[in-house]
Amino acid sequence: MSTREHRSTRRAAASVLAVAALGLAGCGNGGSETGTDVEDVQESEVMESSPAPQESAETPADVVAPYNGAYTQDFADDQALYEGQEVTLTGEVEDVVSPNALQLSDPNDVELGSLLVLHDSALPELEDGALVEVTGTLQASLDVAAAEEDLGVDLGDELSDMEGESYVDASSVTVTQQEE
């Protein structure tokens, strides 16, 4: 590049920066200046900007972290927040309702009541009082016929009185401790 072309390029770059600086000066709000001055920009420096952040339909207040913990009154109070999400719960087997269903309870809070857990495979050998860990999707309302179809199992007549109750559609049920 000749000296003459080099000077023209520098003048053009300086003109563009000066016009941009004048345009931006009118956008200020009278506060302190931030950013880069014309003197700070060097000819060989090329700046790339980051793309604008994408807005999500969900705001941080709408997002709830997956629940992983004991089946307690705290979980029961916030249960609506976890509907349709995967949860991992630990608790005590209150009752083995059928080969594919159990009722989970909090051994420290008999007033809490139980939470129904359904599994598409036969549950492991369980006794009432066993401690288990259950992972699955929390469902808002039990429709026995629909659950039987989804799971591909016959849940039996024992669940008919639990119609409409929330339940966990379990992907795994693990015994952590059997009653001695």
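These legends go with a few close-up views of the structure above. What you see is a predicted model, where local features need pLDDT of at least 70, side-chain atom pairs count only at pLDDT 80 or more, and totals for chains, interfaces and linings use all residues. Residues are numbered from 1 along each chain as its sequence is written, and side-chain values use heavy atoms, with hydrogens and water left out.

**View 1. Phe75 and Gln73 in helix H2.** Phe75 sits in helix H2, residues 73-77 (helices, H or I, are DSSP runs of at least four residues, and strands, E, of at least two, numbered from the N terminus). With a relative accessible area of 1%, Phe75 is buried (buried means under 20%, exposed over 50%, partly exposed in between, using a 1.4 Å probe and protein chains only). Gln73 is in helix H2 too, but at 34% Gln73 is partly exposed.

**View 2. Partners from elsewhere in the sequence.** Phe75 and Leu89 are 14 residues apart in sequence, and their C-alpha atoms are 9.3 Å apart in space. For Gln73 and Asp109, the sequence gap is 36 residues and the C-alpha to C-alpha distance is 8.0 Å.

**View 3. His119 and Asp120.** His119 belongs to strand E4, residues 115-119. Its relative accessibility is 9%, so His119 counts as buried. The His119 side chain makes a polar contact with the side chain of Asp120, at 3.2 Å (a pair of N or O atoms within 3.5 Å; within protein, one must be able to donate a hydrogen and the other to accept it, and residues adjacent in sequence count only if both atoms are side-chain atoms).

**View 4. Asp95 in strand E2.** Look for Asp95 in strand E2, residues 86-98. Asp95 counts as partly exposed because its relative accessibility is 30%.
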